[in-house]
Amino acid sequence: MHYPQVYCDNIYPVQYIGVYFRTFNADTKRFIYSFPADNNLLETDLNGKLVRTHSAKSKSFDEVNSMAQQVQDPRKHYEHYIKNGSYERICYDKYRKLYY
């Protein structure tokens, strides 16, 4: 599993790097991944091979804003992080068969 392309094309605060969220759907035997800066959910098989991409765009913000340039000051990273939308955890409800 690799980072989504959006990470290769943009600069994001350190709070987004090395962070991803994953849930397992036992019915389909697939993992679903969510990355803080990506509007999509990535579905993989048990071997980590990308099977499908699902749009999960927020209604609260248009896109996850990248940083204009690379900065060293950790306060600038944190400021960007708290002032902009991002994606977080994903959970699968096996009883309702829904993702949250």
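The model is predicted: local features need pLDDT of at least 70, side-chain atom pairs count only at pLDDT 80 or more, and totals for chains, interfaces and linings use all residues. Residues are numbered from 1 along each chain as its sequence is written, and side-chain values use heavy atoms, with hydrogens and water left out.

**Sheet**

- Helices (H or I, at least four residues) and strands (E, at least two) are DSSP runs, numbered from the N terminus. Two strands pair if DSSP finds at least two bridges between them.
- Strand 2 (residues 30–34) and strand 3 (residues 40–44) run antiparallel and are joined by four bridges. Phe31 stands opposite Thr44 of strand 3.

**Aromatic pairs**

- Rings of Phe, Tyr and Trp (its six-membered ring) pair if their centres lie within 6.5 Å; planes under 30 degrees apart count as stacked, over 60 as edge-to-face and the rest as tilted.
- Buried means under 20% relative accessible area, exposed over 50%, partly exposed in between (1.4 Å probe, protein chains only).
- Tyr20 and Phe35 also form a tilted pair, with centres 6.0 Å apart and planes at 40°. This pair links distant parts of the chain, 15 residues apart: Tyr20 sits in the loop between helix 1 (5–9) and strand 1, Phe35 in the loop between strand 2 and strand 3.
- Tyr20 is partly exposed at 44% relative accessibility; Phe35 is buried at 3%.
- One aromatic cluster includes Tyr3, Tyr16, Phe24, Tyr78 and Tyr81.

**Buried polar side chains**

- Ser34, in strand 2, is buried at 4% relative accessible area. A polar atom of the Ser34 side chain lies 3.1 Å from the backbone oxygen of Glu88.
- Leaving aside neighbours within four places in sequence, Ser34 has contacts (heavy atoms within 4.5 Å) that include Tyr20, Leu41 and Ile90.
- His80, in helix 2 (residues 74–83), is buried at 12%. The His80 side chain reaches the backbone oxygen of Asn65 at 2.8 Å.

**Salt bridges**

- A salt bridge is a side-chain nitrogen of Lys or Arg within 4 Å of a carboxyl oxygen of Asp or Glu.
- Asp27 pairs with Lys97 in a salt bridge, closest N and O atoms 2.8 Å apart. Asp27 lies in the loop between strand 1 and strand 2, and Lys97 in the loop between strand 5 (92–93) and strand 6 (98–99), so the pair ties together parts 70 residues apart in sequence. Lys97 is exposed at 51%.
- Arg30 and Glu43 meet in a salt bridge at 3.1 Å, N to O. Arg30 is in strand 2 and Glu43 in strand 3. Arg30 is partly exposed at 26%, while Glu43 is buried at 10%.
- Arg96 and Asp93 form a salt bridge at 3.5 Å, N to O. Arg96 is exposed at 58%; Asp93 is buried at 15%.

Notes. A polar contact is a pair of N or O atoms within 3.5 Å; within protein, one must be able to donate a hydrogen and the other to accept it, and residues adjacent in sequence count only if both atoms are side-chain atoms.
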